[in-house]
Amino acid sequence: PSAIFLKDYSVPAFLIDATELRFELGEEATTVHSCLTLRRNPASDNATAGLTLHGAELELLSLAIDGNTLSESQWSVSEETLCIAEVPDQFELRCSTRIYPQKNTSLEGLYKSSGMFCTQCEAEGFRKITYYLDRPDVMSVFTVEILADANTYPVLLSNGNRTDVETLEDGRTRVVWHDPFPKPAYLFALVAGDLQAVEDTFTTCNGRVVELKIYVEQKDLDKCEHAMLSLKNAMRWDEQVYGREYDLDIFNIVAVDDFNMGAMENKSLNIFNTSCVLAKPETTTDAGFQRVEGVVAHEYFHNWSGNRVTCRDWFQLSLKEGFTVFRDAEFSADMGSPTVKRVEDVSLLRSTQFAEDAGPMAHPVRPDSFIEISNFYTVTIYEKGAEVVRMIHTLLGPELFRKGSDLYFERHDGQAVTCEDFVLAMEAASGMDLSQFRRWYELAGTPELDVSGSYDAEQGRYTLTVKQHCPDTPGQTNKPPLHIPFSVALLGEAGALRLNLQGQEADSETADNTEMVLHVTEAQQQFVFSELPEEPVPSLLRGFSAPVKLHFPYRRDQLIALITRDTDGFCRWDACQQLGILEMTAAMESAKAGADYQLSADFSGALAQLLADDSLDKAMLAMMLVLPSEAYLAEVFKPVDVHAIHHARERLRRQLAEALREPLLQTYERCQDAQPYQANAEQIARRSLKNTSLAYLMLLGEEGIAQKAREQFAESQNMTDRLAALTTLVNNEDSAKAEALMSFYQDWQHEPLVINQWFQVQAASSAPGTLEKVKSLMNHPAFDIRNPNKVRALIATFCVQNAVNFHREDGAGYAFLADQVIALNRSNPQIASRLLQPLSKWRKYPEAAQQKMQAELKRILAEPDLSRDVYEVVSKSVS
Ligand code: B3K
Ligand code: ZN
């Protein structure tokens, strides 16, 4: 397999004005008849080119141009293309192919899941349905005819409006769907199955009534309310915040069990992984509810950022994904707690995206090349891409950003465009020069900011010195400085101080002038603040204003000042994390020297002060109580000794529980819910703090507390509390563990999504022997390696969230992962390649681990018939 490059982009030689498809869905095979109205692209400089269509795993039945059947000498097929050497300038191409959806385990193209037909075409799945110009800059008006057995498949759906339906004499139904909006093939969708719908309506800002339907299996009808509410909230929010109205009379969502990703934004027919649409209090945790809200909104927002304006080529993927993630994050912030949402997103970015950016698969937000595009649906494209859009929002301010997005949609409606077009619209609307800022799209790697501060008491001046550098990444060295929006405040004893920045204009000042965004643009820069009567504590990178690693030599008392009185929620939380890192560093050094470390009293004291503060948002408090995650710590310490990190962290947790026993107990009791369950911010915060407290208290090994956990497990009526109790029983090897796991299984065996959580709890346990447990669970009747949710719940959880067991010193964890990758390489390459990622990060670990990890990578690389997906990750990882 070889790479393709952005620099090689050229416009398509042909355009497809209309696409008519006819599907005859069968139990053995499906026949697809297509009729494409083609013409030469006037923008192409090749006026005599033959026609080359994409196609994979297709049986070609017939081919005709303008009614004349082509003979075999007139065309040629390869593994991935169909070429017709001689074609007119304008013509109608008819093509019939046979495909086997029932045998399609890759979950790409047309496949069957739990008795229903469904599609997943992004990025390049449409070519597994029929021969086509399967590239996003070819946009066409689709008309889709579906024929299927009326009893087995009473519901037949595609994009747009249903224009015809009839029952045929042979017992089949025939329906026709027409989508008036031209779209690339990746947004095509088809569904056929025995489904029921929950229905509602939404009246747009211009008074149009849109019919909303969520299609699920009968047994899941009681789990659609939250998704429907989220959809309506998202539709309203996009009108209010972005001025975007929905554009068709129908919006459908379909839930399927077997899905590689979370969901897919096909025009007016979103297809969802059941895990991202179904929710009810008895089966779904608070985090699950929030995920449904976020993903429903994300897919809905794509209707404008992705569908009405789409990507010219797949190197521009972040154009739609980064922007849409930014939009859904702002929506979730508005629906719940903005600070909590920000902290969650930053945590993910710092643990996962920073790791990607430092590893062999590091790539820019707009990549220059790829072997398999499916490998580039990454945290860099999505999350770092969203940070890049957020920085533009920070630099422009909300009003100019809105002017910019309006201009972007107005200029490019109906077009397939580039990240550059987005930046140009933002510049044109705001008058701001983003030329240096564009490097964020081009450079991989996480920039590091080394900041120091000095106070001159005589002059009343405080000077911040900021240095930036971006580490080398594969193919990129000696990077020029980036344009970094660096949001700062200076805290005095009585609150944030007025900022007088010398010599430099600063914008985005808050009304009282206590916060400003500094433009860091040079490798080294100084910012001097004057008229400061006291030495301030700097509050830096407020709200995480840029996706960088910040280094500032904070003293402990300064961190505690930030923890207890910063006005920026993110910085308060982050100061807690930084103090936690200092504790971890000291604890690990002690352990190395064979000594005992005792948690510092100032740290537990600060947390005790927070616990006593009733005015603090409970969700914030819960997050501040949690020590830096093992995943984040693996980004901080080099090399990563996962065992030392785990043991030091567990010791500190136990010591924290001892130091805070009384306030934690009080908090646990204070947070008991009297009201019936609701997934609102207030209740979610309460449960989060309650269960964080319980997790700590359980470390004390007190029978009285274990009893509370067992009661919570047995008596709670919602999955959040029940699962939190089960998790802590499992993690602490409680005497009730085995029985709890058994009864949980018995209660929920009919609910696959709940059983996934059951797999997950067991796979994440740090107890020795978990690898053997995971292996035996793979033989459990509820496990199915063909279902991506199950693979994620059991195998990925073990490899990603269970560092001590995955990195077992005998290498058995690595060998296990390699075995699963080899097995999945054939059946589902996308999942295989995703699963493989933990092995690719081998360079971070100590020598002995490195060798074992590399050996497994080499074993995979030696496999015959490696998919492009797996080949790309393995070959870029080994060296
Ligand atoms: N656009 C889809 C991603 C599909 C990826 C398939 N390999 C989901 C989303 O980001 O909304
Ligand atoms: Zn998306």
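The legends below describe close-up views of a predicted model.

Residues are numbered from 1 along each chain as its sequence is written, while chains are lettered from A and ligands numbered from 1 in the order in which they are written. Because the model is predicted, local features need pLDDT of at least 70 and side-chain atom pairs count only at pLDDT 80 or more, whereas totals for chains, interfaces and linings use all residues.

**View 1. The surroundings of ligand 1.** The shell around ligand 1 consists of Glu 122, Ala 123, Met 261, Ala 263, Met 264, Glu 265, His 298, Glu 299, His 302, Glu 321, Ser 374 and Tyr 377, a residue being near a molecule if its C-beta atom, placed from the backbone, lies within 6 Å of it. Two or more residues of this shell come from each of β20 (263-264) and α2 (286-301), where helices (H or I, at least four residues) and strands (E, at least two) are DSSP runs, numbered from the N terminus. By class, the shell holds five nonpolar, three polar and four charged residues, with Ala, Val, Leu, Ile, Met, Phe, Trp, Tyr, Cys and Pro counted as nonpolar, Asp, Glu, Lys and Arg as charged, and the others, Gly among them, as polar. Domain 1 (19-275) and domain 2 (310-442) each supply at least three residues to the shell. Two members of the shell, Glu 122 and Ala 123, are joined by a cis peptide bond with omega of about -5°, and Ala 123 belongs to the loop between β11 (116-120) and β12 (140-149).

View 2. The domain assignment, whose bounds come from an automatic or database source, divides the protein chain into domain 1 (19-275), domain 2 (310-442) and domain 3 (448-550). The C-alpha centres of domain 1 and domain 2 are 27 Å apart, and their contact takes 13 residues from domain 1 and 14 residues from domain 2, two residues being in contact if their C-beta atoms, placed from the backbone, lie within 7 Å. On the side of domain 1 that touches domain 2, helix α1 (residues 225-242) gives the most, with four residues, and the residues of that side divide into eight nonpolar, two polar and three charged.

**View 3. Strand β3 and its partners.** Strand β3 (residues 30-40) pairs in the antiparallel sense with strand β2 (residues 14-24) over 10 bridges, and it pairs in the antiparallel sense with strand β9 (residues 90-99), again over 10 bridges; two strands pair if DSSP finds at least two bridges between them. Strands β2 and β3 form a hairpin with five residues between them, and Ile 16 stands opposite Leu 38 in β3. The covered face of β3 carries Thr 30, Val 32, Ser 34, Leu 36, Leu 38 and Arg 40, while Thr 31, His 33, Cys 35, Thr 37 and Arg 39 are on the uncovered face.

**View 4. Strand β8 between β4 and β7.** Strand β8 (residues 81-84) is joined by four bridges to strand β4 (residues 51-54), with the two running antiparallel, and Leu 82 in β8 is the bridge partner of Leu 53. Strand β7 (residues 75-77) also pairs with β8 in the antiparallel sense, over three bridges, and Trp 75 stands opposite Ile 84 in β8. A hairpin with three residues between its strands is formed by β7 and β8.

**View 5. Val 873 in helix α27.** Val 873 lies in helix α27 (residues 868-877) and counts as buried because 26 other C-beta atoms lie within 10 Å, the class requiring 20 or more other C-beta atoms within 10 Å of the residue's own, with 12 or fewer for exposed, partly exposed in between, and C-beta atoms placed from the backbone. Leaving aside neighbours within four places in sequence, Val 873 is in contact with Met 361, Asn 375, Ser 833, Leu 836 and Ser 840. Leu 839 is 34 residues from Val 873 in sequence and 9.8 Å from it in space, C-alpha to C-alpha.

**View 6. Two loop residues with positive phi.** Ser 114, in the loop between β10 (109-113) and β11, has phi near 45°, a positive value in a residue other than glycine, and Ser 114 counts as partly exposed because it has 15 C-beta neighbours inside 10 Å. Phe 544, in the loop between β31 (537-540) and β32 (549-551), has phi near 55°, likewise positive in a residue other than glycine, but Phe 544 counts as buried, with 22 C-beta neighbours inside 10 Å.
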